[in-house]
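Work through the exercises below with the model open. Try each task before reading its solution.

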Amino acid sequence: MADGATRREIYIGLMSGTSLDAVDTVAIEFCNNQFSLLGALSTEIPGQLRKQIIALCAPANNELELAGALDYQLGELFSEAILQLLDQQQLSPDQITAVGSHGQTIRHRPDATHPFTIQIGSAAVMAQRTGITTIADFRSRDIAAGGEGAPLVPAFHALLFDSEQEQRCILNIGGIANLTFLSGKAGGAVSGFDCGPGNLLMNAWCERHLQQPYDIDGQWARTGCVVQPLLERLLQERYIKRSPPKSTGRELFNISWLDQHLERLPSIPPQDVQATLCELTASSIAMAINRHPSAISAVYVCGGGAHNKQLMQRLKQRLETASIHSSKKIGLDPDWVEACAFAWLARQTLKGATSNLPEVTGAQHPVILGAIHPV
Ligand SMILES: Nc1ncnc2c1ncn2[C@@H]1O[C@H](COP(=O)(O)OP(=O)(O)OP(=O)(O)O)[C@@H](O)[C@H]1O
Ligand SMILES: [Mg+2]
């Protein structure tokens with residue numbers, strides 16, 4: 001993709017999403033507005049650290065102490081991932097313009113009276129350990145401007161994937177699922193929002209019953225039957241029906257939310273619950289796409305959910321007009337899209353360019369995102 005122009009810059013993007021499956025790190029080379037993916041790495045989050053982060057996502061005693069300690073530990077983990085990628089790519093820190101780090105969301109409250117969002121993974125520690133300028137806390141400035149602080153990736157999706165040939169939807173299935181609608185016209189409108197659960201409920205149920213972090217290829221869900229009364233109950237969730245702008249996270253869609261619904265129904269075999277959760281993700285995504293005012297011709301999927309064969313099959317069944325493909329078909333591996341977006345967001349910050357889309361987040365105006373930790 002690089003165009004051979006002289007202004008070459010390398011950025012690192014780092015994504016640690018709501019699924020808490022891994023830290024995704026990419027190195028991107030920009031040549032003016034074109035970019036190429038130099039290398040990528042997925043690093044495991046140690047089990048104990050993962051448990052502590054999940055605990056921190058729900059209100060508890062002594063949160064500040066734990067948040068401070070985990071902020072530091074994650075800063076170190078992220079730094080190790082960066083240094084490992086540099087080693088793998090035979091790059092040195094002084095060749096990197098900056099790191100863009102999403103951080104680990106522990107609370108996202110855009111609708112609170114005093115709205116806020118918190119991502120941990122100390123950028124100060126990262127700048128110190130790597131010797132690279134680190135940019136983090138991308139969401140807060142959009143919230144300060146009256147927005148949801150999310151999703152932030154639609155501007156990147158538009159830059160990378162817009163096409164005049166077809167009206168596209170870019171679907172990211174991480175812990176939560178988010179959509180970007182591209183108009184199919186040059187400079188046309190972009191819209192997007194978090195549509196509801198992605199993998200996070202399926203993961204939690206699988207962990208409880210199979211002691212596995214996720215349902216590989218959706219094999220377990222395939223052995224179960226969708227329980228309509230449960231599906232209908234879950235789809236009644238107000239968030240799913242609400243109009244955008246909207247964003248959500250573990251605060252709403254978590255195992256306690258599921259348990260509250262299950263308590264009100266006769267006992268259901270675990271594999272049927274898993275099948276229903278898979279259907280919930282497929283239905284809430286399909287409803288959002290089918291409801292779009294103009295017909296979408298193609299959906300390109302990124303994020304780990306793209307690997308869940310059962311989920312992809314159920315989604316295909318439920319989409320009315322759109323065909324469904326991996327984002328690989330339009331040039332980027334589904335596993336690295338989000339991390340690449342944060343490399344681009346860091347570049348925008350350093351260039352003093354705005355990167356939120358007010359029509360997506362609901363912010364009053366475009367703002368420059370991110371907090372810079374220089375070296
Ligand atoms: N082979 C597979 N079969 C089923 N599910 C898979 C497979 N591979 C990955 N996944 C799912 O994808 C998840 C990871 O996806 P991803 O990294 O995109 O999510 P995330 O880190 O939460 O990102 P986001 O910030 O977008 O929320 C895993 O937790 C798992 O649920
Ligand atoms: Mg992930």
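**Exercise 1. Find how far apart the centres of domain 1 and domain 2 are, and describe the side of domain 1 that touches domain 2.**

Solution. 
- Step 1. Take the centres over C-alpha atoms: domain 1 and domain 2 are 23 Å apart.
- Step 2. Domain 1 covers 8-150 + 334-373, and domain 2 covers 154-330. Such bounds come from an automatic or database domain assignment.
- Step 3. Count the contact. Domain 1 gives 23 residues and domain 2 gives 31 residues. Two residues are in contact if their C-beta atoms, placed from the backbone, lie within 7 Å.
- Step 4. Name the elements. On the domain 1 side, β5 (104-109), α13 (337-350) and α14 (358-361) each supply at least two residues. The largest share, four residues, is from α13. Helices (H or I, at least four residues) and strands (E, at least two) are DSSP runs, numbered from the N terminus.
- Step 5. Sort by class. This side of domain 1 has nine nonpolar, nine polar and five charged residues. Ala, Val, Leu, Ile, Met, Phe, Trp, Tyr, Cys and Pro count as nonpolar, Asp, Glu, Lys and Arg as charged, and the others, Gly among them, as polar.

A note on the source: this is a predicted model, where local features need pLDDT of at least 70 and side-chain atom pairs count only at pLDDT 80 or more, while totals for chains, interfaces and linings use all residues. Residues are numbered from 1 along each chain as its sequence is written, and chains are lettered from A and ligands numbered from 1 in the order in which they are written.

**Exercise 2. Describe how helices α2 and α3 pack.**

Solution. 
- Step 1. Know what to look for. Two packed helices are described by the angle between their axes and the distance between the axes.
- Step 2. Read off the geometry. Helix α2 (residues 63-88) and helix α3 (residues 123-130) pack at about 40°, with axes 8 Å apart. Axes are lines fitted to C-alpha atoms, for helices over the stretch in contact, and angles run from 0 to 180 degrees between N-to-C directions.
- Step 3. List the partners. From α2 come Y72, G75, E76, F78, S79, I82 and L83; from α3 come V125, M126, R129 and T130.
- Step 4. Classify them. The contact has six nonpolar, three polar and two charged residues.

**Exercise 3. Is A81 buried or exposed?**

Solution. 
- Step 1. Locate A81: it lies in helix α2.
- Step 2. Count neighbours. A81 has 24 C-beta neighbours inside 10 Å, so A81 counts as buried.
- Step 3. List its contacts. Beyond four places in sequence, A81 touches L14, V23, T25, L41 and T43.

**Exercise 4. Locate the backbone features at P151, P245, N62 and Q211.**

Solution. 
- Step 1. Recall the background. Most residues other than glycine have a negative phi, and most peptide bonds are trans.
- Step 2. Take the cis bonds. One joins A150 and P151, with omega about -15°. P151 sits in the loop between α4 (140-144) and α5 (154-161). Another runs from P244 to P245, with omega near 5°. P245 is in the loop between α9 (238-241) and α10.
- Step 3. Take N62. Its phi is positive, near 55°. N62 lies in the loop between α1 (47-56) and α2. It has 7 C-beta neighbours inside 10 Å, so N62 counts as exposed.
- Step 4. Take Q211. Q211 has a positive phi of about 55° and is not a glycine. Q211 lies in the loop between α6 and α7. With 7 C-beta neighbours inside 10 Å, Q211 counts as exposed.

Note on methods. Buried ≥ 20, exposed ≤ 12 C-beta atoms within 10 Å, placed from the backbone.
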